[in-house]
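Biologist: Hi! I have a new structure to look at, and I'd like you to walk me through it.

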Amino acid sequence: MARSKRSYLYPLLLTASLIYIAYVTLTNLFFDPQAVDFLSHKMNLKRPINLPIWLNVMHVHVVAACMAMLTGIFNFSNTLLRKYRKLHRVNGYLYVIFVFVVVLTSGYMAPYSTGGKASSLPFNLVSIVWFAMTIAAIVQIKRKQVSKHRKWMVRSYVFCFTNFFIHLFSYILHKGGGLPYELSYTLGVYGAILTNFILAEIVIRFVYVKAPNVAVQ
Ligand code: HEM
């Protein structure tokens, strides 16, 4: 029997996530570990940056973000969920820890954001909302609400693509639209947040239509 279109979505997302993780790791930890390119755009900082600390925090941020992406994507696998329930659970808690580390490190970096307050404010709001959505997913599964758990995890997981969308939008606006880098970056932050919310609702409405076929223990 021909496989449904939906059955190709997971391998596609898995491949895209793995490629993005490899790209983020290579660029930020190996090719440009001092973030020379990114920092060159920070023109009008209100407070001086402590570079060694900022770089260490950014590296922890990147590693935790990649681990959140990795643990998150594996938990959307139906096979893992059905055959290795305990692994899904442990992996899920690891995801929560990695999200917490990303949020914590984001809190340190936000005051130095490119674009100033206009960027740091949405970054801080995302930190609160992202972590709250992740906790909501845990609360729902504790109540044995599998469908609601999955929906909140989708809403949480799309935020792993925040950095990807920020760079995508700011690149288009800066290189394509000719806007100054700082403004492009700030608009990229807002565009990424909006895209994350819309994307999650699209996935919930059109991909996860049926209730999950798993027994809750
Ligand atoms: C989970 C996927 C994420 C990845 C892979 C990631 C990666 C990065 C990287 C590589 C940087 C360094 C600068 C750059 O090249 O952009 C960065 C900066 C930053 N990230 Fe993330 N990030 C992620 C999610 C988030 C989320 C969800 C938030 C908000 C809660 C956040 C907040 C920040 C902040 C505030 C900065 C500093 C921005 C600046 O200095 O202008 N990140 N991130």
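Modeller: Happy to! A helix here is a DSSP run of H or I with at least four residues, a strand is a run of E with at least two, and both are numbered from the N terminus. This is a predicted model, in which local features need pLDDT of at least 70 and side-chain atom pairs count only at pLDDT 80 or more, while totals for chains, interfaces and linings use all residues. Residues are numbered from 1 along each chain as its sequence is written.

Biologist: Now the ligand. Which residues come nearest?

Modeller: Ala65, Ser106, Met109, Thr114 and Asn163 come nearest, out of 25 residues around the ligand. To count as near, a residue needs its C-beta atom, placed from the backbone, within 6 Å. Two or more residues of this shell come from each of α1 (9–31), α3 (51–75), α5 (85–109), α6 (117–142) and α8 (162–176).

Biologist: Which element gives the largest share of the shell?

Modeller: That is α3, with six residues.

Biologist: How many nonpolar, polar and charged residues does the shell have?

Modeller: There are 17 nonpolar and eight polar residues, and no charged ones. Nonpolar means Ala, Val, Leu, Ile, Met, Phe, Trp, Tyr, Cys and Pro; charged means Asp, Glu, Lys and Arg; the others, Gly among them, are polar.

Biologist: How do α5 and α6 pack?

Modeller: Their axes are 9 Å apart, at an angle of about 165°. α5 and α6 are therefore roughly antiparallel, and their crossing is left-handed. Angles under 35 degrees count as roughly parallel, over 145 as roughly antiparallel, 65 to 115 as roughly perpendicular, and the rest as oblique. The axes are lines fitted to C-alpha atoms, for helices over the stretch in contact, and angles run from 0 to 180 degrees between N-to-C directions. Left-handed means that the near helix is turned anticlockwise from the far one by less than a right angle, and right-handed means clockwise.

Biologist: What about α6 and α9?

Modeller: The axes of α6 and helix α9 (residues 181–207) come within 9 Å and cross at roughly 25°, which means α6 is roughly parallel to α9. α6 also passes α9 in a left-handed crossing.

Biologist: At what angle do α8 and α9 pack?

Modeller: The angle is about 135°, with axes 7 Å apart, so α8 and α9 are oblique to each other. This crossing is right-handed.

Biologist: Where is Val207 found?

Modeller: Val207 belongs to helix α9. It is partly exposed because 14 other C-beta atoms lie within 10 Å.

Biologist: Last topic: the backbone. What is phi of Lys144 near?

Modeller: Phi of Lys144 is near 65°, a positive value in a residue other than glycine. Most residues other than glycine have a negative phi. Lys144 lies in the loop between α6 and α7 (146–157). Ala35, in the loop between α1 and α2, also has a positive phi, near 50°.

Key:
Buried ≥ 20, exposed ≤ 12 C-beta atoms within 10 Å, placed from the backbone.
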